[in-house]
Structures are given as C-alpha cells and as structure tokens.
Amino acid sequence: MGPSPAVLALAANALAARYRNRDAVVETPCLISRDDRFAGSDLIFKCENFQTTGSFKLRGAISKLSTLPITTPLITASSGNHGIACGHAAQIMGHDLMVVLPETVAKAKLTQIERYGATPILYAGDSGLAERHARAMAADKGYVYVSPYNDNAIMAGQGTIALELLEQVPRFDRVYVSMGGGGLISGIGSVLKTCAPEIEVVGVSAENSGALAASLKAGHVVDTEHLPTLADGCAGGMDHDSLTLPIAREVIDRVVHCSEEQIEDALRHLAWAENLLVEGAAALALAAYMSEPDLPKGQTNVVLLCGANFDRAALQPILTQDTSSSDP
C-alpha cells in the first residue's frame, strides 16, 4: 500500500516550499563521520547546524511567512529555534512578530530573537504552555498564530531537508530524526515515503520529554510529564488537534528513546571526535544511532543534526567532563 493522500500532498507541498525558500535558506552539507569506530557502515551527518539561523527551523518559517501578507501581525511560541527562525524571516519580509518563550529559554536564543527585532514575551512553564498562551493572545488581539509544527506550510518547509538529502546521498538505508512536536519528522518522512519508501525513518525521543512518542503509542495526543532535558528544542507538549500525529504515525517506522546520559555522550562525541558543536536536540539523534551497535553492516545511516543554538553555560561542563571511557 502506498502513501496516503495526506502524505503525498505534504511531499508535493515540500517541493513548492523549496522553490519559495530558494533565496533565504542554505542547502546544508552532508558530512561523513570521521570516527573509525563506525567502520563497517557509513555514518553521514546532514548538517542543519550550519543553517543560516543555526537550525532547520528557518525552512518552515520562510515557507509559512512567505504565504502571509506583510501587513499581518504575527505571534508565535518557541523554546528558541522556531522563534529565532521566525524572527529572521519576519525581518526579511517585513512582518511584525511577537514570540512567547518559556522562562527557561537559553539566554543565547533569547538574545538572537531580540537582535532580529521580534518582541519576546517570557512565560512560566514549558514550551507547551507557552504555545497555549500565544494562541490565547492571538485570539484576543487578532494576530495570526504561527505554530512551530502544527501547520502544513511549516511541515512542508522542513520536508525540503529530505529533498536535498535525496540529491546529496543517492543511496541510504536509514535516517535518525529527533522528535519534538512532529513537524520535522512529518515533513522529512512524507518526502522519503513518497520518493524512497524503502528508507527506514527512525524517530528519536528524549526520555525526559516525549509527548510525540507517547502519543504515537496511544494513537492519540496525550499529555505527558516534562522534565528538564538537554534536548530542549524537542521539549513540551502537543496540540490536541495536531496535524502532525496522523502523518507521523504513517511515516515513522520505529521510535528510539534516549536518556540524558546518552545525549551527553553524543554531545561529547560530536565535539571531540567529529569537531562539531551542536545543541542537545541534535545530539539526541546521534544518541539513538550510538545506542544501536548491531545495525546491519554495509548500510548507510544518516543522522540529522537539527541545530547548533546551544546554551554555552549548559554545554561547557558536559564537554569538560572526563571522557576517557567514551571519546579521546
């Protein structure tokens, strides 16, 4: 049985989004792992950490804002990267933008949002509560709410990653994608299941905040406990009318859960073995790959490094820990 009409439509929308994004979004590189411990199978990093705003979120933001009149005032909610991306897109296109952020947002991300001229609003709680507050403000004041994930144009923008990947790596067997609200993996998965359905799409969930993973298991959106996680870009709840859940259920082949310790190990590996500094949400995808030592030999695995907007204060002590048991 082939892809559903919804998946086919999202893949087609990704093609259109790529055309709209062409002047504002960088085609990010694919880098082969430098670590010979992964010999026997190829490991390739799709490096959205090199995107203009430091994360993949710019793709969805440009895709969405390019469909809205510049006279339309906008509001969004974000744990950081989506707000940065929307701020940059709004600055390019001339929109007025407010960004509701959890009080725990990384300082570096808050500063970057302010530099783009967007108005930040700090709100108590996780990113899920920030989203609810932003929606309430939009309804009250007549703003257009720009969802971080629950929007077809946003998902289509993220799907452009897969279009690039298929051109850059003609044959690969598996891709690891960190999961937050599901916009990224739904966009990527829809393109892959339309164009190359044999590729395994692995969703990666942080054990400390795994709303999408729990919802996939339940078959409907569920509210979960959210504990602090290094993968803060993936943290928070989901809208109960989420567009992403039915798409994600179709395109994700399996889910891997990773602990904070595994994310830390992946962060250190990327820094010391690969010379790549990324944020926790990006390391989460590698953590899943590193947790599966018995993958078939001779296959090509892609790990999506979704961003590099890390909190220096949080990352520095992790990188300075004794790594003698893992990385050189």
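Which residues does Leu305 touch, not counting residues up to four places away in sequence?

Before we start: this is a predicted model, where local features need pLDDT of at least 70, side-chain atom pairs count only at pLDDT 80 or more, and totals for chains, interfaces and linings use all residues. Residues are numbered from 1 along each chain as its sequence is written, and side-chain values use heavy atoms, with hydrogens and water left out.

**Solution 1.** Take contact as heavy atoms within 4.5 Å. Leu305 then touches Phe45, Lys46, Cys47, Glu48, Asn49, Leu270, Leu276, Val278 and Ala282.

**Exercise 2.** Find the aromatic pair and describe its geometry.

**Solution 2.** Step one: ring centres of Phe, Tyr and Trp (its six-membered ring) must lie within 6.5 Å; planes under 30 degrees apart are stacked, over 60 edge-to-face, the rest tilted. Step two: this rule gives 1 aromatic pair. Tyr176 and Tyr289 form it edge-to-face, 5.8 Å centre to centre with 80 degrees between the planes. Step three: Tyr176 belongs to strand 7 (residues 174–178) and Tyr289 to helix 11 (residues 280–290), 113 residues apart; helices (H or I, at least four residues) and strands (E, at least two) are DSSP runs, numbered from the N terminus.

**Exercise 3.** Decide whether Glu200 is buried or exposed.

**Solution 3.** Buried means under 20% relative accessible area, exposed over 50%, partly exposed in between (1.4 Å probe, protein chains only). Glu200 has 19% relative accessibility, so Glu200 counts as buried. Glu200 lies in strand 8 (residues 200–206). Leaving aside neighbours within four places in sequence, its contacts include Asp173, Lys193 and Arg254.
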